Amino acid sequence: MDAEQIFAGLNDEQRAAVEATRGPVCILAGAGTGKTTTITRRIAWQVASGAFAPSEIVAVTFTDKAAGELRSRLAGLGVEGVRASTFHSAALALLRRFAGDPGRILSTKALLLRQIGNRLPPPYKFRPAGDLATEVEWAKNRRLTPETYLDGLDEHEPPIPADLAHRVFREYERRKEEAGTLDFEDLLERTIRVLEHDEASIALGRERRRDLTVDEYQDGNILQQTMANP
């Protein structure tokens, strides 16, 4: 890796962020201001300066496209071995390592929720599955369960009356469990539970992941933030 290449074209603020190789760092930047450039150059300098080995660094983001962009830019800087992936891919890898294969993962909630929604009473029958999926994800991203959902609503207004939304959530979880399947939120929740209750797993995880970069951290939900800080 070439230090000149890593620092080329950076302004003073970007350079300061890149040179901060250890400790908590928050990079505040608007769209199109070079945030991804700064993040990848910082990771490259962490490796080039000897702060961390590539295998000790994990970078997570929200989409496969963004994760691919991170890997591509790091490769262009000569950095190989950094684990750059989405939250869900990282969770799946951890689950497989510490708890075995988690089973079949639903690619979408729509089919199951459409079946449940079609049994709602008028005028809520045939409510778009997307609305129901958004509500289920809202609840699960806050680590709510069917048992805690109603108490956890606070000022939030579901797309259908709360008692019906609760029924949908409960039935969705029941059918999913009966079929032995998981959704993407379950991946994160199960990973968190493994890390919370297995000291050996969390110790090994911390040993292998000495530095974590989260892209677009402000967009993270409680599930994602909890997994990032077990």
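**View 1. R22 over the ring of F52.** The charged end of R22 sits over the ring of F52, 4.6 Å from its centre. Here a charge sits over a ring if NZ of Lys or CZ of Arg is within 6 Å of the ring centre and within 35 degrees of the ring normal. This is a predicted model, where local features need pLDDT of at least 70 and side-chain atom pairs count only at pLDDT 80 or more, while totals for chains, interfaces and linings use all residues. Residues are numbered from 1 along each chain as its sequence is written, and side-chain values use heavy atoms, with hydrogens and water left out.

View 2. Three aromatic pairs are counted; rings of Phe, Tyr and Trp (its six-membered ring) pair if their centres lie within 6.5 Å, and planes under 30 degrees apart count as stacked, over 60 as edge-to-face and the rest as tilted. The rings of F7 and W45 are edge-to-face, because their centres are 4.9 Å apart and their planes stand at 70°. This pair links distant parts of the chain: F7 belongs to helix α1 (residues 3-7) and W45 to helix α3 (residues 35-48), 38 residues apart. Helices (H or I, at least four residues) and strands (E, at least two) are DSSP runs, numbered from the N terminus. F7 is buried, at 12% relative accessible area. W45 is partly exposed, at 22%. Buried means under 20% relative accessible area, exposed over 50%, partly exposed in between (1.4 Å probe, protein chains only). The charged end of R15 also sits over the F7 ring, 4.2 Å from its centre.

**View 3. Y149 and F169.** Ring centres of Y149 and F169 lie 5.8 Å apart with planes at 75°, so this pair is edge-to-face. Y149 is in the loop between α7 (129-141) and α8 (162-179); F169 is in helix α8, 20 residues apart from Y149. Both Y149 and F169 are buried.

**View 4. Lining of the largest pocket.** The largest pocket is lined by 24 residues, with V25, C26, L212, T213 and V214 nearest its centre. On a 1 Å grid over the protein atoms alone, a pocket is an open set of points where a 1.4 Å probe fits, with protein on both sides within 12 Å along at least five of seven lines; lining residues have an atom within 4 Å of a point. β5 (211-214) gives the most to this lining, with four residues.
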